[in-house]
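The stops below are meant to be taken in order.

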Amino acid sequence: MTISIDDIEELLASGAALQVEIADGGASTGESASTGESASDGRDLSSDEMPFTHLDHALQTAAVLRHRVPDDSELAVAGLVHDIGHLLPGVGDAEHAEAGAAAVRAALGERVAGLVGLHVEAKRYLVARQSTYAGALAADSVASLALQGGPMTIDEQASFARLPLAQDALLLRRADESGKVDGLVVPGLEEWMKTVRGLQASSR
């Protein structure tokens, strides 16, 4: 499925009405996300929704990347659209990264699409490589990890690390986890779409 810039804007805007859900697949530890336990930040894990919408998360992730790497508009736009697969009809959590990448490739270019496609693999890599990373994941990320293949094997880690976009994908993944703050005020979608359209124009 290929979408236009206008489609991207419409899909992202539709995310304002959709809370981010906690996947119904169990955490990587084998425990359900709805056990009544608390996350590392003290949040109750018994709810099946996070306290922010898909649009909130998209805007926050983009804002984090703009702050951390201010000269890289492509990386920030990748943050904006990294979860757009969740907003496509019929796409599940396990395949949302690949579906999102395929959808935005024609409009936003190969690098943005590549980063969108790798953000789940980057999570699996970090969980495998850093013992503290899994414990810092938000409830939705913990629950979806099992659906997405769990921590990478040694061979998978080596293959991922050799990818040209690996380091940027890790930057995106860390911003992904940082962009999950209830009530955080960041620039809105209208402002970001100016950047998106400028990126499209410069890639022609």
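Select Asp176 first. Leaving out residues up to four places away in sequence, Asp176 touches His57, Thr61, His82 and His119. Show those side chains together. This is a predicted model, so read each contact as a feature of the prediction.

Stay on Asp176. The residue belongs to helix α8, residues 166–178. Is Asp176 buried or exposed? Asp176 is buried, because its relative accessibility is 3% and the cut-off for buried is under 20%. The side chains of Asp176 and Arg173 are joined by a polar contact of 2.9 Å.

Next, select His54. His54 lies in helix α2, which spans residues 54–68. With a relative accessible area of 15%, His54 counts as buried. Which residues does His54 contact, apart from neighbours within four places in sequence? They are Gly15, Leu18, Gln19, Val20, His86 and Leu87.

Colour helix α3, residues 73–81. Of its 9 residues, 7 are buried, and the helix is mostly covered. Pick out the buried ones: Leu75, Ala76, Val77, Ala78, Gly79, Leu80 and Val81.

Move to Ile22. Look for Ile22 in the loop between β1 (19–21) and β2 (49–53). Ile22 is buried, at 9% relative accessible area. Ile22 and Ser141 lie 119 residues apart in sequence, yet 7.7 Å apart in space.

Go on to the aromatic rings. How many aromatic pairs does the structure hold? The structure holds 1. Tyr125 and Phe160 form this pair, which is tilted, with 4.9 Å centre to centre and 35° between the planes. The pair links distant parts of the chain. Tyr125 sits in helix α5 (residues 110–129) and Phe160 in helix α7 (residues 154–161), 35 residues apart.

Glu156 is partly exposed, with a relative accessible area of 30%. Setting aside residues up to four places away in sequence, Glu156 touches Arg124 and Pro151. Show the side chains of Glu156 and Arg124: a polar contact of 2.9 Å joins them. Glu156 and Ala128 are 28 residues apart along the chain, and their C-alpha atoms are separated by 9.9 Å.

One more ring is worth a selection. The charged end of Arg66 sits over the Trp192 ring, 3.9 Å from the ring centre.

Finally, zoom out to the whole chain. Colour by secondary structure to see 9 helices and 2 strands. Read from the N terminus, the order is α-β-β-α-α-α-α-α-α-α-α. Switch to burial: 47% of the 204 residues are buried. Of the contacts between residues at least 6 apart in sequence, 76% join residues at least 24 apart. Last, display the accessible surface. The total is about 9,500 Å², and 50% of that belongs to carbon and sulfur atoms.

Methods. Residues are numbered from 1 along each chain as its sequence is written. This is a predicted model: local features need pLDDT of at least 70, side-chain atom pairs count only at pLDDT 80 or more; totals for chains, interfaces and linings use all residues. Side-chain values use heavy atoms; hydrogens and water are left out. Helices (H or I, at least four residues) and strands (E, at least two) are DSSP runs, numbered from the N terminus. Buried means under 20% relative accessible area, exposed over 50%, partly exposed in between (1.4 Å probe, protein chains only). Contact means heavy atoms within 4.5 Å. Accessible areas come from the Shrake-Rupley method with a 1.4 Å probe; for residues, only the protein chains shown count as cover. Rings of Phe, Tyr and Trp (its six-membered ring) pair if their centres lie within 6.5 Å; planes under 30 degrees apart count as stacked, over 60 as edge-to-face and the rest as tilted. A charge sits over a ring if NZ of Lys or CZ of Arg is within 6 Å of the ring centre and within 35 degrees of the ring normal. A polar contact is a pair of N or O atoms within 3.5 Å; within protein, one must be able to donate a hydrogen and the other to accept it, and residues adjacent in sequence count only if both atoms are side-chain atoms.
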